[in-house]
Amino acid sequence: MNGSAPLSEREQIARPVTAAGSVVSDRIAASWRRSTEFGASLDEVAPVFSGAVDEESLFFRCGLDVVEGLQATLANEPISMMLTDGDGVVLNRVCHERTLLSALDAVYLAPGFDYGEREAGTTGLGLALADRAPALVRADQHFCSELWGYTCAAAPVLDPVSGELAGTINLTTWAQQSDKLLLALAQSAASSTAAMMLARHRGRVPRAASHGQVFRVFLRPPGTAVSPRSRSWRAASADVEAALAAGRVVAVVGEDGVGRRSLLTDALSRTHPYGRVLVARPPAVQDTAAWLDLWEPELGKAATSIVVSQVDELPSWVATKLGGTLRATMPGGSGDGGRPGIAFTARSVGALPEALRPLVDTCVELPPLRERREDVVPLARAFATKQRRREVRFTDAAQRSLLAYRWPGNVDQLRGVVEAAVARTDLVDVEHLPAELAGGAPRRSLSRIETVERDEIVRCLAEPGITMTEAAVRLGISRATLYRRIEVYGIRDPASS
């Protein structure tokens with residue numbers, strides 16, 4: 001397509017400049033290095049075909065509405081708009097120019113093909129996914145020369161409730177076209193998609209934007225921490241403590257809000273009783289560099305252990321830089337108590353960044369709170385006592401409601417519910433709990449499908465002013481069936497509160 005430098009030379013110097021001789025940004029250079037490590041082709045793009053795509057996801061349905069609307073306003077522009085999932089698989093493509101469509105087919109930039117960095121090298125959508133930030137890749141900034149004829153702009157879309165990476169909005173045009181507005185259009189489309197997803201999330205509260213966090217924890221004397229008492233918590237805690245005591249790098253994985261960071265700081269209070277812990281949580285992408293510079297000097301200090309939480313939210317270039325710094329500063333030896341603890345938290349093992357995964361010696365999974373029922377009431381009492389600074393009691397009915405709830409937000413949600421309740425009373429009853437917790441314990445163990453149905457009935461009945469007849473209509477069942485479900489599932493009738 002465009003003129004090219006010898007491929008062997010470009011590969012040898014890790015491609016710090018384009019074929020035209022212009023210097024690229026650190027983000028592009030880092031992506032080139034990753035593409036080389038992945039073994040992506042320099043002269044021929046050959047992405048894997050993944051087959052059928054998920055057209056029923058909330059992201060797909062909302063994103064399709066947005067890109068089709070945007071395409072209608074740009075009908076005469078040679079721009080292809082597409083959605084990709086969180087792995088880079090193209091979900092759909094909207095374009096009115098046949099020449100561009102044919103050219104994109106020739107490089108397999110089409111639905112069903114995987115265009116992530118690992119398969120296609122540096123592209124706009126691959127970089128946006130890797131860094132969880134908007135990206136613009138022009139012409140010969142692409143890793144593969146077969147893509148030099150195009151300019152791509154992409155913006156990630158995060159689920160507004162869970163914060164998970166749903167996919168990208170990607171706009172592709174010819175390399176010779178003006179790209180001044182391309183990235184702005186991609187970002188606008190991504191924002192509109194996230195807003196539409198939130199509107200269709202049935203009124204659930206959006207996940208708060210992360211502003212980052214760096215703080216030191218001066219550890220308590222061993223044995224003074226208030227810890228959950230379930231068998232699974234104790235088993236996870238023992239595994240983490242043994243690994244930290246042996247000088248291993250630990251990753252604790254599990255759902256958000258499950259208590260991963262508390263587990264680590266609690267274990268460090270026993271393995272490093274005379275030290276301190278620096279806890280770092282990633283900020284918004286644009287603030288990441290300053291955030292890393294703020295606490296990076298603490299790495300390698302013998303008296304400071306490091307916990308980097310939510311590393312699955314780190315841009316790839318930051319994870320790479322952090323991994324390199326850790327390798328350079330980690331002291332040798334283990335098991336003598338002289339090595340500071342180093343730990344990460346993430347949602348799953350697979351979510352750990354590629355650059356940090358080789359550093360992890362031990363990975364421990366912490367189950368969600370719904371699988372640790374025996375922790376619910378002790379934690380509730382501990383949160384209540386801390387909030388009121390005196391003993392707070394829970395009625396039997398309130399305890400049953402706490403135990404019957406599934407806690408999708410885990411320990412963080414429980415803490416919020418308890419703190420709101422004890423702000424008004426020293427004796428917590430059902431009336432002090434949110435409406436969705438108003439159900440008592442069911443008469444028997446429920447199947448997964450029954451649990452989902454029960455939660456939906458509780459959610460519907462919790463809506464202000466709704467009658468039983470209206471609830472039955474919304475749920476698609478008769479009024480008599482609704483009453484039977486309420487009795488079987490042990491749901492407390494809001495009218496009797």
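How many residues apart are Arg270 and Asp266 in helix α9? Keep that in mind for the first exercise.

This is a predicted model, where local features need pLDDT of at least 70, side-chain atom pairs count only at pLDDT 80 or more, and totals for chains, interfaces and linings use all residues. Residues are numbered from 1 along each chain as its sequence is written, and side-chain values use heavy atoms, with hydrogens and water left out.

**Exercise 1. Work out how Arg270 and Asp266 sit relative to each other, and how accessible each one is.**

Step 1: Start with the pairing. Arg270 and Asp266 form a salt bridge, with 3.1 Å between the closest N and O atoms. A salt bridge here is a side-chain nitrogen of Lys or Arg within 4 Å of a carboxyl oxygen of Asp or Glu.

Step 2: Count along the helix. The two are 4 residues apart in α9 (residues 260-271), so about one helical turn separates them. Helices are DSSP runs of H or I with at least four residues, strands are runs of E with at least two, and both are numbered from the N terminus.

Step 3: Recall the helix geometry. An α-helix has 3.6 residues a turn, so residues three or four places apart point the same way.

Step 4: Check the surface. Arg270 is partly exposed at 29% relative accessibility, whereas Asp266 is buried at 5%. The cut-offs are under 20% relative accessible area for buried, over 50% for exposed and partly exposed in between, using a 1.4 Å probe and protein chains only.

**Exercise 2. Describe how β1 and β2 pair up.**

Step 1: β1 (residues 79-85) runs antiparallel to β2, and 4 bridges join them. Two strands count as paired if DSSP finds at least two bridges between them.

Step 2: Pick out one partner pair: Thr84 is bridged to Val90 in β2.

Step 3: Look at the turn. The strands make a hairpin with 4 residues between them, and Gly88 in that turn has a positive phi of about 100°.

Step 4: Of the 5 residues in β2 (residues 90-94), 4 are buried, so the strand is largely enclosed by the rest of the structure.

**Exercise 3. Locate the buried side of α17.**

Step 1: In α17 (residues 479-489), the buried residues include Thr481, Leu482, Ile486 and Tyr489.

Step 2: Those four cover an arc of only 140° around the axis, so they lie on the same side of α17. The arc is taken from the directions from the helix axis to the C-beta atoms.

Step 3: Just past the helix, Gly490 takes a positive phi of about 70°.
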